[in-house]
Every structure is written in C-alpha cells, then in structure tokens.
Amino acid sequence: MRKVEIARLRTVFWTAIVAGLLLGSFGVSNSAFAAFKVGAKKCQECHTAEAKVWEGTKHFKSYKAIHKDKRAKKIVKAVGDKRMKKSATCALCHYTAAQKKAGAKAKLVSGPSCESCHGAASDWIAVHNDYGKGVKRDGESADHKAARIEKSIAAGMVRPDRLYDVAANCMSCHGLANPELDAKAAAAMLDNEHPLNPDFELVKYSQGTVRHRFYPPDVTANKKMTPAEMSQMYVVGQAAALTSAMAAVSKSDHPKYKAAQDKRIANAKAALELVKGQVPEATAFLSDPSVANGRALAAAVKGKDLSGAVGGKLPKDFK
Ligand code: HEC
Ligand code: HEC
Ligand code: HEC
Ligand code: HEC
C-alpha cells in the first residue's frame with residue numbers, strides 16, 4: 001500500500017472516530033462513516049443550470065485533456081506513478097471518484113465537480129431538498145427548513161452560505177495544501193513544473209467561468225455579484241487562504257513550496273488588515289487563524305458592505 005493511501009486511511013479512521021464521538025454512539029448512523037461521491041450526473045438531474053455552467057469550466061474540460069499533457073506525464077513519473085488516471089496523488093485534486101453505492105469500487109467519472117466544492121453527497125443528497133411528506137418548496141415550515149439544513153450539514157454538505165467552508169475546498173487544491181498530499185510528492189511535483197499560484201483569490205477565480213448563481217430559483221439568470229457581495233467574498237476567501245497556508249507551510253521546507261505558502265500568508269494578512277476597523281472578528285482571526293475563527297469572521301461579514309475597505313483590491317476581470 002502506498003504512503004498516500006495509508007495517510008488517507010488514517011484520516012478516514014480519525015474522521016470516523018470523531019464523527020462517532022459527535023454522534024454519541026457508533027451505532028447511530030453507519031453511513032456517516034463512509035460518505036462517498038455520487039458524481040455530477042446525479043446533481044444534474046435537478047440542477048441543469050448549474051451543470052451547464054460547470055461544463056464550460058476548466059474543471060470539466062480538463063478531464064479529457066490533462067493526462068495527455070507533456071508536463072503531466074513528467075510529474076506523474078516524478079511522484080512514482082505510471083499514469084495520471086491511476087495515481088492516487090493526482091486524483092486528490094484533478095478527479096472526482098464516484099461510487100454507485102456504499103462499498104462499491106470508486107471510479108473516476110470527471111474532473112473536479114459539484115461535490116469537490118459542496119462535499120461528498122452520499123449522505124445528504126436525499127435530505128437537502130426534502131421539504132417533508134407531500135410538502136412543496138414554498139409550503140415548508142421554518143422549523144422543517146432549519147432541521148433540513150442542520151441535517152444536510154451534519155451529513156457533510158458544504159452549503160454555499162457557509163462560504164468559508166466552500167473556499168477551504170478551493171484553497172486545499174489550489175494551494176497544494178491538501179493534508180493528504182505528502183510533502184515528498186509535493187516537492188517532486190514542484191520540481192517538475194507543477195504550478196502553485198499563490199495569488200489564487202476567490203472572487204477573481206469564482207466569478208468568471210465558475211460562477212453559478214441562480215437561486216432563489218431562476219434558471220434563466222446567472223446573477224453577477226454586487227460590489228458589496230464581492231467584498232464579503234474577498235474577505236472570506238482571504239481568510240480561507242490564510243488557514244490553508246498556515247497549515248501547509250509547516251509541512252515541507254521545499255524552497256518553492258515554502259515561498260509560495262509564505263506569499264499566500266502575506267497576501268491574506270495584508271488583505272485582512274484592511275477590514276479590522278469594520279470587522280472586529282478579523283483581529284481575532286489574524287491572531288489565531290483557526291477554522292472556528294474563520295467561520296466566525298465569515299458570519300460577521302455577511303451582509304456588510306466592505307467595498308470601501310477592500311474595493312481597491314477587488315478584481316476587474318475574472319478567470
Ligand atoms: C432531486 C433533485 C435534486 C438533486 C438530485 C440535487 N439537488 Fe441540490 N437542490 C435541489 C433543490 C430543489 C434545491 C433548493 C433547496 C431549497 O429550497 O433550499 C437544491 C439546493 C442545492 C444547493 C444550494 C444550497 C441549499 O441547500 O439550498 C446546493 C449547493 C446543491 N443543491 C447542490 C447539489 C449537489 C452537489 C447535488 C448532487 C450531489 C444536488 N444538489 C442534487 C434539488 C436537487
Ligand atoms: C493538491 C492538489 C493537486 C494535486 C495533488 C495535483 N495537482 Fe495538478 N494542479 C492542481 C491545480 C489547482 C492546478 C491548477 C493550478 C493553476 O493553474 O494555478 C493544477 C495544474 C496542473 C497542471 C497544469 C495544467 C495546466 O492547464 O496548465 C498539470 C500538468 C498537473 N496539474 C499535473 C498533475 C499531476 C500529474 C498530478 C499527480 C502527480 C497532480 N497534478 C497533482 C492541483 C493539484
Ligand atoms: C478538487 C480540487 C479542486 C477544487 C476543490 C477546486 N479546484 Fe479549481 N482547479 C483544480 C484543478 C486541478 C484545476 C486545473 C485544471 C487544468 O488546468 O487542467 C483547476 C482550475 C481552476 C480554474 C481555471 C484556472 C485557469 O487559469 O484557467 C479556476 C477559475 C478554478 N479552478 C477556480 C476554482 C474555485 C473558485 C474553486 C472553489 C470555489 C475551485 N477552483 C475549487 C482543482 C480544484
Ligand atoms: C469550483 C467549486 C464549485 C463547483 C465545481 C460547483 N460549485 Fe456550486 N457553488 C460554489 C460556490 C463558491 C457557490 C456560492 C458562491 C456564489 O454565489 O458564486 C456555489 C453555489 C451553488 C448553488 C447555490 C447558488 C445557485 O444559484 O446555484 C448551487 C445550487 C450549487 N452551487 C450547485 C452546484 C452543482 C449542482 C454543481 C455541479 C454541477 C456545482 N454547484 C459545482 C462552488 C462550486
């Protein structure tokens with residue numbers, strides 16, 4: 001068994017233990033121990049508009065192309081694997097491995113997809129749009145809605161309104177910061193021209209090709225963000241980048257890796273300094289950029305217009 005696989009099993013094991021403790025008992029919800037991805041085809045059944053947007057992104061298109069790339073072939077060899085589509089290391093970020101059902105073999109079905117950003121769906125797919133027996137969307141009670149949202153989050157859904165968590169997923173891949181990526185593999189990748197862009201910024205990279213903003217339901221309008229919304233997203237993205245880079249920087253002393261993580265840290269700190277006056281939570285987060293403080297900061301910026309503070313930093317064009 002390869003090192004990455006062992007590392008992954010170890011993570012899965014500890015996640016299971018923690019999940020078990022949180023549930024109070026190991027017998028409550030067996031499925032929580034083996035959340036798996038179901039693949040974008042499933043989501044597409046209802047989310048045609050979002051799926052169409054996704055099909056226009058590099059995440060979708062790269063699936064047919066990237067393994068043929070000359071650099072890709074060199075990088076795969078450097079990490080000790082033969083083919084990109086057989087490499088557990090590359091699969092961490094480049095592919096979606098989906099399962100038909102619990103216990104079935106996982107198969108690569110696409111590039112990064114819905115569940116790469118919104119969480120593996122096996123345990124929440126049936127919950128997230130269940131309004132109650134015989135009840136339609138607009139007849140759902142407030143209590144039922146709150147309980148439904150609670151349940152979907154507990155089952156691993158990363159909802160868009162928990163933007164810090166969505167952003168953490170982007171940063172894990174784009175910052176080469178996935179905790180399951182071992183330091184040796186990261187070093188070999190960087191020595192063989194694998195990119196690591198320390199200036200990956202959430203607004204710039206999510207409001208171009210990736211943008212899908214149709215809700216409240218209106219499949220005809222993929223809404224652009226207002227400057228105020230962009231300013232909130234900018235701050236949350238920087239917070240997620242800081243948590244991600246702080247965790248990554250201690251993992252490896254490979255000069256390129258370290259320099260990129262240091263740059264990510266410097267970028268994020270400079271950006272967050274700008275909002276300290278308006279958002280006290282930014283100060284707490286800067287002194288301890290933990291996940292909990294990041295979520296608190298994200299909650300605090302919700303609904304605020306910070307474009308006065310960060311307006312000068314907001315991108316004019318989008319990827
Ligand atoms: C059977 C139809 C159906 C399927 C299948 C489905 N969704 Fe949804 N989804 C909905 C509906 C309806 C809503 C609006 C929910 C509401 O009113 O709160 C929604 C909402 C969402 C939201 C917005 C957050 C929220 O909870 O309101 C996200 C994100 C999402 N779905 C992701 C996915 C992903 C990813 C998949 C595939 C793994 C998926 N959905 C599969 C029907 C579906
Ligand atoms: C931790 C996540 C992660 C892992 C692991 C990873 N990649 Fe990447 N890779 C990315 C991201 C993100 C990009 C896009 C970076 C950018 O353009 O800034 C990328 C870009 C690339 C590119 C350049 C593509 C282009 O369009 O320019 C190649 C080639 C590549 N990866 C090959 C590989 C190979 C081969 C492996 C396995 C040995 C691998 N990657 C593992 C995240 C990862
Ligand atoms: C599972 C890993 C993963 C996650 C999560 C992820 N990405 Fe990516 N992303 C990639 C990889 C890999 C590529 C490069 C594909 C290629 O070049 O072939 C990429 C490419 C992109 C590109 C194209 C960049 C370019 O220069 O053309 C954009 C834009 C992007 N991602 C935005 C995002 C945003 C925004 C998020 C979060 C909301 C995100 N990604 C989450 C792996 C990921
Ligand atoms: C690269 C990461 C990424 C991928 C891939 C992705 N999403 Fe999202 N999704 C987000 C982000 C970020 C937001 C919220 C931010 C915003 O408003 O732009 C969001 C918002 C949503 C929403 C609520 C907003 C709306 O109107 O649509 C739904 C529903 C949703 N996604 C479903 C999907 C489905 C279904 C897929 C796959 C076909 C998908 N997403 C793929 C990152 C992603």
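Tutor: Begin with a metal site. The model is predicted, and in it the iron atom of ligand 4 has His118 (NE2) and His212 (NE2) as its protein donors, lying 2.0 Å from the iron.

Student: What is the geometry of the site of the iron atom of ligand 4?

Tutor: The general idea comes first. Six octahedral donors have ideal angles of 90 or 180 degrees at the metal. In this case there are 6 donor atoms, the angles among them run from 85 to 179°, and the site of the iron atom of ligand 4 is octahedral.

Student: Is histidine 118 buried or exposed?

Tutor: Buried is the word for a relative accessible area under 20%. Histidine 118 has 19%, so it is buried. Histidine 212 has 34% and is therefore partly exposed.

Student: Which residues coordinate the iron atom of ligand 1?

Tutor: His47 (NE2) and His128 (NE2) do, at 1.9 to 2.0 Å. The site of this iron atom is octahedral too, with angles of 86 to 179° among its 6 donor atoms. Histidine 47 lies in the loop between helix H2 (40-44) and helix H3 (48-55), and histidine 128 lies in the loop between helix H7 (114-118) and helix H8 (142-154). The pair therefore ties together parts that are 81 residues apart in sequence.

Student: What are the protein donors of the iron atom of ligand 2?

Tutor: They are His94 (NE2) and His194 (NE2), which lie 1.9 to 2.0 Å from the iron. Angles of 87 to 179° among the 6 donor atoms make the site of the iron atom of ligand 2 octahedral. Histidine 94 belongs to helix H6 (residues 88-94), and histidine 194 sits in the loop between helix H10 (183-191) and helix H11 (202-206). They are 100 residues apart, and this pair also links distant parts of the chain. Histidine 194 is buried, because its relative accessible area is 16%.

Student: Let us turn to helices. How is the packing of two helices described?

Tutor: Two packed helices are described by the angle between their axes and by the distance between the axes. Take helix H9 (residues 163-174) and helix H12 (residues 227-249): they pack at an angle of about 50°, and their axes are 8 Å apart. H9 and H12 are therefore oblique to each other.

Student: Which residues make the contact between H9 and H12?

Tutor: H9 contributes Leu163, Tyr164, Ala167, Ala168 and Met171. The residues from H12 include Met233, Val236, Gly237 and Ala239. As for handedness, H9 passes H12 in a right-handed crossing.

Student: Can we look at single residues now? Where is serine 172?

Tutor: Serine 172 is in helix H9. Its relative accessible area is 17%, so serine 172 is buried. Apart from its neighbours within four places in sequence, serine 172 is in contact with Ala177, Asn178 and Pro179.

Student: Is valine 219 buried or exposed?

Tutor: Valine 219 is exposed, because its relative accessible area is 61%. This residue is found in the loop between H11 and H12. Not counting residues up to four places away in sequence, valine 219 touches Ala49 and Phe214. The C-alpha atoms of valine 219 and threonine 48 are separated by 8.4 Å, although these residues are 171 apart along the chain.

Student: What is the phi of leucine 176?

Tutor: It is about 45°, a positive value, although leucine 176 is not a glycine. Leucine 176 lies in the loop between H9 and H10 and, at 5% relative accessibility, counts as buried. Glutamate 193, in the loop between H10 and H11, has a positive phi near 70° and is likewise a residue other than glycine.

Student: How many helices and strands does the protein chain have?

Tutor: There are 16 helices and 2 strands. Of the 319 residues of the chain, 39% count as buried.

Key: Residues are numbered from 1 along each chain as its sequence is written. Chains are lettered from A and ligands numbered from 1 in the order in which they are written. This is a predicted model: local features need pLDDT of at least 70, side-chain atom pairs count only at pLDDT 80 or more; totals for chains, interfaces and linings use all residues. Side-chain values use heavy atoms; hydrogens and water are left out. Donors are N, O and S atoms within 2.8 Å of the metal (3.2 Å for Na, K and Ca); water is not among the atoms, so sites may look incomplete. Four donors count as tetrahedral if all angles lie between 85 and 135 degrees; four count as square planar and six as octahedral if opposite donors are over 155 degrees apart and all others between 65 and 115; anything else is irregular. Helices (H or I, at least four residues) and strands (E, at least two) are DSSP runs, numbered from the N terminus. Axes are lines fitted to C-alpha atoms, for helices over the stretch in contact, and angles run from 0 to 180 degrees between N-to-C directions. Angles under 35 degrees count as roughly parallel, over 145 as roughly antiparallel, 65 to 115 as roughly perpendicular and the rest as oblique. A crossing is left-handed if the near helix is turned anticlockwise from the far one by less than a right angle, and right-handed if clockwise. Contact means heavy atoms within 4.5 Å. Buried means under 20% relative accessible area, exposed over 50%, partly exposed in between (1.4 Å probe, protein chains only).
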